[in-house]
Amino acid sequence: MRRTTILFIAWLMIGAAVHARPVVIAHRGASGYLPEHTLAAAAYAHALGADYIEQDLVMSRDDVLVVLHDVHLEMTTNVAAIFPDRARADGRYYAIDFDWSELQQLRANERINVETGQRVYPDRFPIQPGPFRLCRLEEQITLIQGLNQSTERNVGIYPEIKSPSWHAEEGKDLSAALLPVLERFGYLKPGAPIFVQCFEASELKRLRSKFKTNLPLIQLIGLDSWNHANADYDSMLTAAGLKQIATYAQGIGPHLNQILASTTPTGTPILTPLVAQAHRAGLLVHPYTFRTDELPEDVPDFDALVKVFIDTVAVDGLFTDHPDQIVNNLSAN
Ligand code: CA
């Protein structure tokens, strides 16, 4: 190779490192427009220009990886109408108590707050009647890979291992089930378009040490007030905590309020040093969740919010219910 060519490629690589466009991660698919985690929401996210489409994963009684945000079913399906006798003593319906053949009989719907009976996002897709069903991980991957072929794109997947400790107590091992599926669909090859995410550090470490995987891993960081099992998110947010995360993960997925602490009355964002600290530790930063219909307090509009994260703090990716809105912001830059 000629020296000028080598220099040009090196220049391109440096440029990519410094000015890499943040990736747009469709949070539960294009969930701002269609019921979350359905095949329709994944297809629409693909069409709206997302770079990655997220799949939250829980397990059925017969060990199928189901794309579902909660271990419970009643917020996003009609389970109570179809299987009224199958709630546990706490009144809740658990996906893990159903076989996949039963879960296939459910209709998926927009999220409702079961305590109030009210919709969580009132202006989104109507609740009833809906043609939507739950899907298993393989179905969603087949859809995304098929669309990649027909549109000549390379949209990635972004599975989340949900509540692995709880699943282990129930006798289920999500990671052990996930890896063969990823292998079958080509996602264990170096450079494949995938990130695997989890709130539980112990599970990400297990993927590295027990399963010896080189998958790109993202440590999700919640709020200590959520009382997640065994989690100490505040310590993850320190320089020492981030250095520790860098020993087993490629990046972090913090709550956006852990970066944008607040906004002054005149509209000036008050930012934490988290992104700079994480970058110093060599970690990518993919904050969640950017929603046009749920803005942080005192943020005037969605574009202003996105501008802070893209231009001012330079995150590496954004989880959003509205992928087209982020894509528009990036192409306007
Ligand atoms: Ca998730």
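**Cavities, pocket and buried residues**

User: Which residues line the largest cavity?

Analyst: On a 1 Å grid over the protein atoms alone, a cavity is a set of points where a 1.4 Å probe fits but cannot get out, and a lining residue has an atom within 4 Å of a point. By that rule, the lining of the largest cavity consists of His-27, Arg-28, Ser-31, Leu-34, Glu-36, Glu-110, Arg-111, Tyr-121, Arg-124, Arg-291 and Asp-321.

User: What pLDDT do local features need in this predicted model?

Analyst: Residues are numbered from 1 along each chain as its sequence is written, and side-chain values use heavy atoms, with hydrogens and water left out. The model is predicted, so that totals for chains, interfaces and linings use all residues and side-chain atom pairs count only at pLDDT 80 or more, while local features need a pLDDT of at least 70.

User: How many residues of the lining of the largest cavity are charged?

Analyst: Asp, Glu, Lys and Arg count as charged, Ala, Val, Leu, Ile, Met, Phe, Trp, Tyr, Cys and Pro as nonpolar, and the others, Gly among them, as polar. The lining of the second largest cavity, which includes Glu-36, His-37 and His-69, divides into four nonpolar, four polar and one charged. In the lining of the largest cavity, two residues are nonpolar and two are polar, and the number that are charged is seven.

User: Is Ser-31 buried or exposed?

Analyst: Ser-31 sits in the loop between β1 (23–26) and α2 (39–47), where helices (H or I, at least four residues) and strands (E, at least two) are DSSP runs numbered from the N terminus. Buried means under 20% relative accessible area, exposed over 50% and partly exposed in between, with a 1.4 Å probe and protein chains only. Because the relative accessibility of Ser-31 is 4%, this residue counts as buried.

User: Which residue has the backbone oxygen that the side chain of Ser-31 reaches?

Analyst: Not counting residues up to four places away in sequence, Ser-31 touches Glu-36, Glu-110, Arg-124 and Asp-321, a contact being heavy atoms within 4.5 Å. A polar contact is a pair of N or O atoms within 3.5 Å; within protein, one must be able to donate a hydrogen and the other to accept it, and residues adjacent in sequence count only if both atoms are side-chain atoms. At 2.8 Å, the side chain of Ser-31 reaches the backbone oxygen of His-27.

User: Which element gives the largest share of the lining of the largest pocket?

Analyst: A pocket is an open set of points with protein on both sides within 12 Å along at least five of seven lines, and the largest one has a volume of about 1000 Å³. The pocket is lined by 41 residues, of which His-69, Lys-162, Phe-199, Trp-226 and His-228 lie nearest its centre. Two or more lining residues come from each of β2 (52–59), β6 (156–161), α6 (164–169) and β7 (196–198). The largest share, four residues, comes from α6.

User: Which residue follows α7 with a positive phi?

Analyst: Helix α7 spans residues 174–184, and its buried residues are Leu-174, Ser-175, Leu-178, Leu-179, Val-181 and Leu-182. At the start of α7, a side-chain oxygen of Asp-173 comes within 3.3 Å of the backbone nitrogen of Ser-175. After α7, the residue with a positive phi, near 85 degrees, is Gly-186.

User: How many disulfides are there?

Analyst: A disulfide is a pair of cysteine sulfur atoms within 2.5 Å. The sulfur of Cys-135 is 20 Å from the closest cysteine sulfur, that of Cys-198, and is therefore too far away for a bond. Cys-135 is buried at a relative accessible area of 1%, and Cys-198 is likewise buried at 1%. The count of disulfides is zero.

User: Is Pro-122 buried or exposed?

Analyst: Pro-122 lies in the loop between β5 (118–119) and α5 (137–151). Pro-122 and Ile-112 are 10 residues apart in sequence and 9.3 Å apart in space, C-alpha to C-alpha. With a relative accessibility of 58%, Pro-122 counts as exposed.

Terms used:
Points joined across faces, edges and corners; volume = space filled by probe spheres on them.
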